[in-house]
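I want to look up how the chains are built and where they meet.

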Amino acid sequence: MWIINYLEKIIEHPEEMKKTKKYFLYFGIALVVVDIIIHIPQLHLVHIYFFWDWIPGFSSFYGILSTYLIIVISKWLGHELLMKPEDFYND
Amino acid sequence: MIDLWIHPGFLFFLAAAALPFVKTQWKSIFKLTVPVVGFLSLLLVSHGSHGVLSLMGQTEMIFGRVDKLSLVFGYVITIATLVGMVFSLHVKEDKEHMAGLVYAGSALGTVFAGDLLTVFLFWEIMAFSSALLVFYAPWKDAAVKGMRYLYVHIFGGLLLLAGIFIHVGETGTTVFDALPHEGVGPMLILCGFLLNAAVPPFSAWLPDAYPESTITGVVFMSALTTKTAVYVLLRGFAGAEILVPLGVFMALYGVVYAVIENDIRRLLAYHIISQVGYMVAGAGMGSEMAVNGATSHAFAHILYKGLLMMGMSSVMLMTGLRKLTDLGGLYKYMPWTFMLYMIGGFAISGFPFFSGFVSKSMVISAAQELHRPWVAMLLTLASAGTFLHTGLKLPYYVFFWKDWDQKKIEAKDPPKNMIWGMALAAFACTFIGLFPGALYQALPFDSDYHPYTWGHVIGAYQILLLTGVGFFMLLKMLDPDETISMDTDWTYRKAIHGFTWFVKKPVVWWETRAVEVYKSHLIEPVKKFSRIGWTIDTWVFDGVVNFAGWSTRIESKILEMFDMHLIDGAVTSAPTIIEASAKRLRKLQTGFIQNYTLAMIVGVVVLGIVALIVI
C-alpha cells in the first residue's frame with residue numbers, strides 16, 4: 001500500500017520529512033493567498049456575519065490560538081485537578 | 001399504494017428472539033438481512049400515525065409516528081445496526097447480537113413513539129439492553145461497571161417518569177410533541193432527556209461505561225443512546241434557550257477531557273460528549289437551520305464515531321492493550337485499521353469532502369445567522385480540538401510515536417468482517433461528504449444550505465492546518481500520562497467509597513464504643529443486680545420458703561410426737577386419769593377432758609395452716 005510505504009519513507013528519512021513539511025508550508029501559503037483573494041469585497045465570495053469575517057487569514061490565527069488554548073488549559077486543569085493515579089477509585 | 005407499516009423496532013425484537021433458532025450456516029445472512037429489511041421498510045412507509053393502541057379507552061399509545069424527523073433518525077439507526085452486525089459477524093455467541101438488536105429496536109421504538117408513555121417504555125428497554133453489552137464484556141469489573149451504568153439510567157428513567165406523570169396530570173394529554181419550556185413536569189422530562197444526552201453534570205456515565213463494553217458492542221453504544229436523546233430534545237425542546245449554553249459547554253468539556261485521557265476508547269467516549277454538544281446547542285437554537293444541522297450532525301456522527309470506535313476496538317482486540325502509554329508504531333502492522341480510522345478522523349474533524357464538514361458547518365452557520373458570535377466561535381474552537389485529539393493525538397500515539405515491538409505482541413489487522421464493517425462506515429462518511437444533497441433531502445426542514453462555499457472550505461483548511469502545526473509544536477506537552485481522569489462520577493463512586501469508609505471507620509468505632517458503654521453501664525450492672533437478686537433469691541426467698549417447708553415438717557413431726565405420745569397417751573390414759581382424778585376433779589369441775597383436748601389439737605393444726613399460708 002503506497003500510503004503506508006510513503007509514511008514509512010517520511011518517518012525513516014529526515015530529508016523526506018523536511019520535504020513534506022515544505023509541501024505543507026506551500027499549501028498554507030496558497031491557502032492564505034486564496035483567502036486574500038476571496039476576501040475582495042467585489043467578488044462576494046465570503047459571507048460576512050461578524051467583523052472578523054473581513055480579515056483574511058483570521059481562521060489560521062484562530063486555529064493556532066484554539067490549539068494553544070485547548071492544550072495549555074486542558075493540561076493545566078488536568079494536572080491541577082482532574083488527573084488522578086490509576087488506583088484512585090480502588091482504595 | 002398499500003399503507004405498509006412494519007415497525008422496524010418490533011422487527012428487530014422478533015429477530016433477536018429468533019436468532020438462537022436460526023441454523024448456524026444461515027446466521028450471518030440472517031444478521032445482515034434484518035437491518036436491511038428494517039431500512040427498506042422505512043423507505044416504503046408513509047407519513048402519519050401507525051400502530052395506535054388504545055389503553056382502556058383512556059389514552060392512546062402511538063408506536064409509529066412517522067414524519068421526516070423520526071424517519072431520518074430511523075434510517076441512521078438501521079444503517080448503524082447493519083454496520084454493527086458486519087463488524088461483529090465473527091463473534092460466535094448470539095447473546096451480543098441479540099442485545100444489540102433489542103437495543104437498536106428500542107432506540108427505533110423511542111424514535112417512532114408518538115406519546116410519552118411509549119417513549120418511556122422503550123427508554124427503559126434501551127437502558128437494560130445496552131447495559132447487557134457492558135455485562136458481556138470480558139474485562140475485570142464489567143459487572144460493577146454495568147450495574148453503575150444501569151443505576152444511573154434507572155435514575156434518569158425515574159426523572160422522566162415523574163415528569164411524564166406531572167405533565168400528564170396537568171395537561172391531560174400524553175402526546176409527545178413540542179413540550180412547554182417551564183413547569184416542574186416538563187423540566188423533569190428535560191432532565192431525563194439530558195441525562196441520556198450525557199450533558200454535564202449527568203455525563204460521567206458515558207465515559208465510565210462505553211469503553212468497558214464488549215469489543216463489538218461499542219458500535220451500538222456510541223450510536224444509539226445519546227443520539228436518541230438528541231432526537232427527543234429536537235422533538236420536545238427545540239428552541240429551549242438553556243440548551244445553547246449547555247451544548248457549548250459540553251462541546252468544550254469533552255475536548256478538555258479528551259486531551260488528558262489515556263484510555264483509547266475512553267478518549268473517544270469523551271469526544272462523544274463534545275460532539276453531542278453541537279447537537280444540543282443546535283436543538284437549543286431551534287431555528288430551522290439549527291434543527292437541520294443538529295439532525296444531520298447526529299446522522300453523520302453515528303457513522304464516523306462508529307468508525308473511530310471500531311478502529312480503536314480493533315487495536316484493543318489485536319494487541320490486548322488500551323492505554324496510549326502502552327501503544328505506538330502500529331501503522332505498519334495494522335495498515336487497514338489505520339487508514340480507515342483516519343477517514344473517520346477526517347470526517348469528525350470536518351475536513352471538506354467528508355461528512356463532518358457538511359453537518360458541523362450547518363450548526364455553526366445557524367449560530368452565525370442567528371447572530372450569536374460566542375456560540376459560533378466556541379463551537380469552532382471545539383472543532384479545532386476535535387481534530388487535535390481524534391485526528392492527530394489519538395492516531396499519533398497509537399499508530400506512530402514509538403516503534404512497535406512486534407516480537408512482544410504480534411499485531412496485525414483484525415478479521416475481515418471487522419475491516420468490512422469499518423469500510424462500510426468509511427464509505428458512508430465519504431459519500432455524505434461528497435454528496436450532501438442525499439442527506440439534506442431527508443432533513444426535517446427544506447433547506448438550500450450549501451456547505452461548499454469558498455469561505456467555508458478555505459476557512460476550514462486554515463483552521464485544520466494550523467491546528468496541525470500547533471499540535472506538532474506542542475507535542476511534548478501532549479505526551480500521555482498514566483492517569484485516569486476524575487469526573488462527576490466521583491460523587492457517586494467516591495460516595496460509595498465514602499459510605500464504605502463511614503461504615504468501616506466512624507460507624508464501627510461508634511458501635512464499639514456503644515457496645516463498651518452498653519457493657520459497662522448496662523450489662524454489668526444488670527449482671528450485678530441479677531447476682532444480688534440470685535443471692536437474695538437463694539438465701540432469702542428460698543430460705544424463707546425452705547424454712548417454711550422445713551419448719552412445717554419439724555412442726556408436723558413435733559405435732560406427731562405430741563399427738564402420739566402426749567395426746568394419744570393422754571387420750572388412752574384419760575379414762576384412768578379421769579377415773580382417778582374424777583373424784584377429785586368432780587369436786588373442782590364438772591366438764592369432760594376430751595372436749596378440752598380436742599380443742600387443743602384443733603388449735604395447733606389451725607396454727608400450722610396459718611403459718612404455711614402466711615410464710
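Ground rules before I look at pairing: two strands pair if DSSP finds at least two bridges between them. Helices (H or I, at least four residues) and strands (E, at least two) are DSSP runs, numbered from the N terminus. This is a predicted model, in which local features need pLDDT of at least 70, side-chain atom pairs count only at pLDDT 80 or more, and totals for chains, interfaces and linings use all residues. Residues are numbered from 1 along each chain as its sequence is written, while chains are lettered from A and ligands numbered from 1 in the order in which they are written.

**Entry 1: the hairpin in chain B**

I started with S1(B), residues 48-55, and S2(B), residues 59-66, which pair in the antiparallel sense over 7 bridges. I looked up two partners: B:Val52 is bridged to B:Ile62 in S2(B), and B:Ser49 has B:Arg65 as its bridge partner. The hairpin leaves 3 residues between the strands, and B:Met56 takes a positive phi near 50° there.

Is S1(B) covered or hardly covered? I need the cut-offs for that: a residue is buried if 20 or more other C-beta atoms lie within 10 Å of its own, exposed if 12 or fewer, and partly exposed in between, with C-beta atoms placed from the backbone. By that count S1(B) is hardly covered, with 0 buried residues among its 8.

**Entry 2: confidence**

pLDDT is the predictor's confidence in each residue, from 0 to 100. Chain B averages 87, and 94% of its residues score at least 70. For chain A I get a mean of 85, with 99% of the residues at 70 or more. The model scores are ipTM 0.90 and pTM 0.81.

**Entry 3: overall build**

I count 21 helices and 3 strands in chain B. Its radius of gyration is 44 Å, well over the 25 Å that the globule rule gives for 615 residues, so chain B is more spread out than a compact globule. (The radius is taken over C-alpha atoms; the rule is 2.2 Å times the number of residues to the power 0.38.) The C-alpha trace of chain B spans about 165 × 65 × 55 Å along its principal axes. Buried residues make up 49% of the 615 in this chain.

Chain A has 3 helices and 1 strand, running α-α-α-β from the N terminus. Its radius of gyration is 21 Å against 12 Å from the globule rule for 91 residues, so chain A too is more spread out than a compact globule. Its C-alpha atoms fill a box of roughly 65 × 40 × 20 Å along the principal axes, and 16% of its 91 residues are buried.

Two residues are in contact if their C-beta atoms, placed from the backbone, lie within 7 Å. On that basis the contact takes 38 residues from chain A and 40 from chain B. Which helix of chain B gives the largest share of its side? H18(B) does, with 13 residues. The side of chain B that touches chain A divides into 24 nonpolar, 12 polar and 4 charged residues. (Ala, Val, Leu, Ile, Met, Phe, Trp, Tyr, Cys and Pro count as nonpolar, Asp, Glu, Lys and Arg as charged, and the others, Gly among them, as polar.)

The chains also share strand pairing: S1(A), residues 83-84, runs antiparallel to S3(B), with 2 bridges joining them. A:Met83 has B:Ser485 as its bridge partner.

**Entry 4: two of the helices**

The expected span of a helix is 1.5 Å times one less than its number of residues. H18(B) has 20 residues and should span 28 Å, which agrees with the 28 Å between its end C-alpha atoms. Since 14 of those 20 residues are buried, H18(B) is largely enclosed by the rest of the structure. H10(B), with 18 residues, reaches 26 Å, close to the expected 26 Å. H10(B) is mostly covered, with 16 of its 18 residues buried.

**Entry 5: B:His90**

Last stop: B:His90, in the loop between helix H3 (68-87) and helix H4 (95-111) of chain B. It counts as partly exposed, because it has 15 C-beta neighbours inside 10 Å. Not counting residues up to four places away in sequence, B:His90 touches B:Pro415, B:Asn417 and B:Met418. I also checked B:Thr216, 126 residues apart from B:His90 along the chain: their C-alpha atoms are separated by 9.8 Å.
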